[in-house]
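Please look through the structure below with the following points in mind.

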Amino acid sequence: MFSPRVSIYSAALSLVVATGTLGVTAAHAADKISIMVGGYEKQIYLPAKLAESLGYFKDEGLNIELLNEPAGVDAENEMLAGAVQGVVGFYDHCIDLQGKGKFVESVVQFSQAPGEVELVSAKHPEIKSPADFKGKNLGVTGLGSSTNFLTQYLAVKNGLKLGDFTSVPVGAGQTFIAAMQQDAIQAGMTTEPTVSRLLKTGEAKVLIDMRTMDGTRAALGGTYPAASLYMQESWVKDHKEETQKLANAFVKTLHFINTHSAAEIADKMPKDFYVGDKEGYVKALENGKAMFTADGVMPEDGPKTVLAVLSEFSKNVQGKSIDLSKTYTTEFVNNAK
């Protein structure tokens, strides 16, 4: 027979247990900072794994857990849900999220160019510009990802409407390659080392190259700050000491990148990141190393370019009043030791 007294006691006991568990979890969370990386084998996000490999997190007394998530949009959602404290992903999410009423800021700006390449399958030589995307399936890491943003921009800028093509979430690395080999996508946007792997086999050709500053300006109209460490503004405000230590570690890492050769940097990375071709990995890094900032500071003209790009197609920012000063901070990188 159902007893109200037993039910009340059980509920009270559950509350005590839940509160105790919550306390343990909170204490554990205070010790460990989880950072989700939008594919940490990608060279554009190299500073995350490199900082860990060089021991810079430990030098700062930080307990950092790096988690891998191939699509940046999923990493962003994990952060908003409180599952992780930060994301290594593209700065454009900070602007996109403000358009949705969520305040997220780039704390350390890793790069000033996307490091992305629009590749066209060798089976489709008819695609000579983004204007030829009509009716095609285009590979992106995930829907709502930065590769999706940039793909939409390139198409719209070249006279297409968003419904004229299909964005297909295929991730990066082997899943991207397989999608192109199987003709599931006719073109797609990806990064190193995936780019070099497809070029080496002759299965794809470069349509638009945003691995360099010149290529980025030509495609997007200016400096395009991309890879960054971004976090919720509220978390940064409540954890200034930890945020400063993170900035210290990443600024040291960026300095290492800027003062060492591609081969020396590659030696510090996990061997499986080479995907069986260390020489190709080093060459790709050599060609793209200039995308990284030397000090983690946001390029002055960068945020305006990113907003202009998103404003071309995104309903999240079109007609919205975006305060760019709240999408990034230089406080911590300026004070980095």
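1. Leaving aside residues up to four places away in sequence, Thr216 touches Ala113, Pro114, Asp209, Met210, Gly221, Gly222 and Tyr224. The model is a predicted one, and in it Thr216 is found in helix α9, which covers residues 213-220. Because its relative accessibility is 0%, and buried means under 20%, Thr216 counts as buried.

2. Helix α2 (residues 46-53) packs against helix α11 (residues 240-259) at an angle of about 100°, and the axes of the two helices lie 9 Å apart. Since angles of 65 to 115 degrees count as roughly perpendicular, α2 and α11 are therefore roughly perpendicular to each other. On the α2 side the contact is made by Leu46, Pro47, Ala48, Leu50 and Ala51, while α11 contributes Phe250, Thr253, Leu254, Phe256 and Ile257. By class, the residues of this contact divide into nine nonpolar and one polar, with no charged residue.

3. The largest pocket has a volume of about 370 Å³. It is lined by 21 residues, of which Glu192, Ser196, Arg197, Lys200 and Gly280 are the closest to its centre. The elements that give two or more residues to this lining are α7 (174-181), α8 (194-201) and α13 (278-288).

4. How do the residues of the lining of the largest pocket divide into nonpolar, polar and charged? There are seven nonpolar, seven polar and seven charged residues in that lining, whereas the contact of α2 with α11 has no charged residue.

Key
Residues are numbered from 1 along each chain as its sequence is written. This is a predicted model: local features need pLDDT of at least 70, side-chain atom pairs count only at pLDDT 80 or more; totals for chains, interfaces and linings use all residues. Side-chain values use heavy atoms; hydrogens and water are left out. On a 1 Å grid over the protein atoms alone, a cavity is a set of points where a 1.4 Å probe fits but cannot get out, and a pocket is an open set with protein on both sides within 12 Å along at least five of seven lines; lining residues have an atom within 4 Å of a point. Grid points are joined across faces, edges and corners, and a volume is the space filled by probe spheres set on the points. Helices (H or I, at least four residues) and strands (E, at least two) are DSSP runs, numbered from the N terminus. Ala, Val, Leu, Ile, Met, Phe, Trp, Tyr, Cys and Pro count as nonpolar, Asp, Glu, Lys and Arg as charged, and the others, Gly among them, as polar. Axes are lines fitted to C-alpha atoms, for helices over the stretch in contact, and angles run from 0 to 180 degrees between N-to-C directions. Angles under 35 degrees count as roughly parallel, over 145 as roughly antiparallel, 65 to 115 as roughly perpendicular and the rest as oblique. Contact means heavy atoms within 4.5 Å. Buried means under 20% relative accessible area, exposed over 50%, partly exposed in between (1.4 Å probe, protein chains only).
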